[in-house]
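Please look over the sequence and the structure below before reading on.

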Amino acid sequence: MDIKDKIREKLGAKIINWQENSPRRIYFEVKKEDIFETAKFLFKDLGLRFSIASGMENPASLEILYHFSNDNTGEFYSVRVHIEDKKNPAIDSITPIFVGAEWIEREIWEMLGINFIGHPNLKRLLLAEDWPQGQYPLRHNHES
Amino acid sequence: MSHKVIVPIGPYHPLQEEPEFFQLYVDGERVVDIDIIIGYNHRGIEQLAETKHFDQVAFLVERICGICSSSHPYAYVLAVEDILGGEREVVPERALYIRTIIDELQRLHSHLLWLGLAGHFIGYNTVWMWAWKYREPVLDCFEMITGNRQNYAMFKIGGVRRDIKDEDIPVLKKALDELVPAIEMFRGAVMDDPVIKMRLKEAGTLTKQQAIDWCVVGPTARASGINIDIRRDEPYGVTDRVNWSVIIENDGDVFAKTIVRILEMNESVHIIRQCLEKMPKGKIDADIKDVPPGEGIGRVEAPRGECFHYIRSDGTNRPVRLKIRAPSFMNVASDKVAAVGGTISDAALTLAAVDPCYCCTARLAVIDKPSNKKIMNGWDLVKLSQEKTEKLKQGLSDTGK
């Protein structure tokens, strides 16, 4: 059974949609409440490598893509999560599962203002200490 | 806690002269903790990319880094071509070969640059001079092909901007022929010299499990026994049409990282030679006009590891979002485990062993050194490191008597 089938079997109904843009580019969406379990399954059980996470702002939501790489086959899995609450966005941190996510969660926190619940060291990574609080450079509308 | 001393390194790294700030907490000779502070050169390139049209972004991302200045544009054009259906679908044959040649030439110059700095750092200034001497012909090749020693402006969506002329090929081949004995010399110098071996062995070890947990990439991961290389795992250019091998070492120390980089140079030479033989004639550019809506990912094995670009297009001429992750972003964080537990004279070497590249992030600032703390600056650490090598040399010659 290949990795794709294992993911579908284990996560089942938690997968909101599944999309394969090409054999090596697999995107699937889960609810934000399920991200901890999903990341743990991909990283710990399937042994995928965490490549990075991409955070971005959409008109209706904040979106994070967690990119995992299967270095045996070249398949690249991107787990999509939408956070609708743009006023107080929050999601579970995956840093407790593996420490490699620590920096990128700090970066998304300071750039987009998404709070990572359970992050052990949520402080600024790139921005200056005197950068005003509550201003998030990658939000298109700073005052929102 | 009372006798703990804080040693600040940076914001300029003693080895790389790039802006980063390490705060080492030491107890006697031993490093007990480390704080890594980056961001001194943060230029907001991701956001800036949203204001440029697709063609301009290739030039913009090229300026992220002056050493791996083909990795970022390559990863970027791969990401855009991912939306268009994939590199192989879009890019003409000849351009694929030219892309791989440029990418491997860049690896040669980058690894030689690192080797020279590492040599200087442990007090082997001859290695430094020689490595940089042999790096120079590689840069000359770049100048001949692209017109520039750095920032080659070769990559564009759907192809490359300049062709490799027939009369350039013998010059390139000759430069490679002359480089091979030099790489062999460096390999011998590092593997056979007892002092270098003693100095680099078991310094700054990153175990395989640590490498997995910190998600490190490139030579840093391969030196810890992790078998990854994007050139093989997700071939781009013509990396699957030429013979070469992935170099793996298992010890995870600075010695292993050095060996991986030196042996990889041989593979790069091997790849370029085959490309020059096999390269067909033909177009070098597919002349792409529009980028359809969609999202794409491009990955390139930069000299330091996987370079990642994610792009989203809404059908206009500008990207909606460009996410960039340089390999050092993952590798530098792992210094936290590699340096802790080692001695302070190894610290600077360990921090440099991942070949850190911070061009991706930082603003310039003056850090107030805590006045009540004992201060060592970067140069003190280099001296400390060089003294340790001298002592080892001394010890060896004493036992020889």
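Predicted model: local features only at pLDDT ≥ 70, side-chain atom pairs only at ≥ 80, totals over all residues.

Of the 401 residues in chain B, 53% are buried.

The domain assignment divides chain B into domain 1, which is made of residues 5-41 together with 338-400, and domain 2, which covers residues 45-329. Where these domains touch, 27 residues of domain 1 of chain B and 26 residues of domain 2 of chain B take part in the contact. On the domain 1 side, at least two residues each are supplied by helix H14 (335-339), helix H15 (344-353) and helix H16 (378-400) of chain B, and H16(B) gives the largest share, with 9 residues. Sorted by class, this side of domain 1 of chain B has 16 nonpolar, 6 polar and 5 charged residues.

The remaining topic is how the chains meet. Here 24 residues of chain A are in contact with 25 residues of chain B. On the side of chain A that touches chain B, the elements giving two or more residues are strand E3 (49-57) and helix H3 (102-112) of chain A, and the largest share, 6 residues, comes from E3(A). By class, this side of chain A holds 14 nonpolar residues, along with 5 polar and 5 charged ones.

Terms used: Residues numbered from 1 in each chain as written. Chains lettered and ligands numbered in written order. Contact = placed C-beta atoms within 7 Å. Helix = DSSP H or I, 4+ residues; strand = E, 2+ residues; numbered from the N terminus. Nonpolar A, V, L, I, M, F, W, Y, C, P; charged D, E, K, R; others polar. Buried ≥ 20, exposed ≤ 12 C-beta atoms within 10 Å, placed from the backbone. Domains from an automatic or database assignment.
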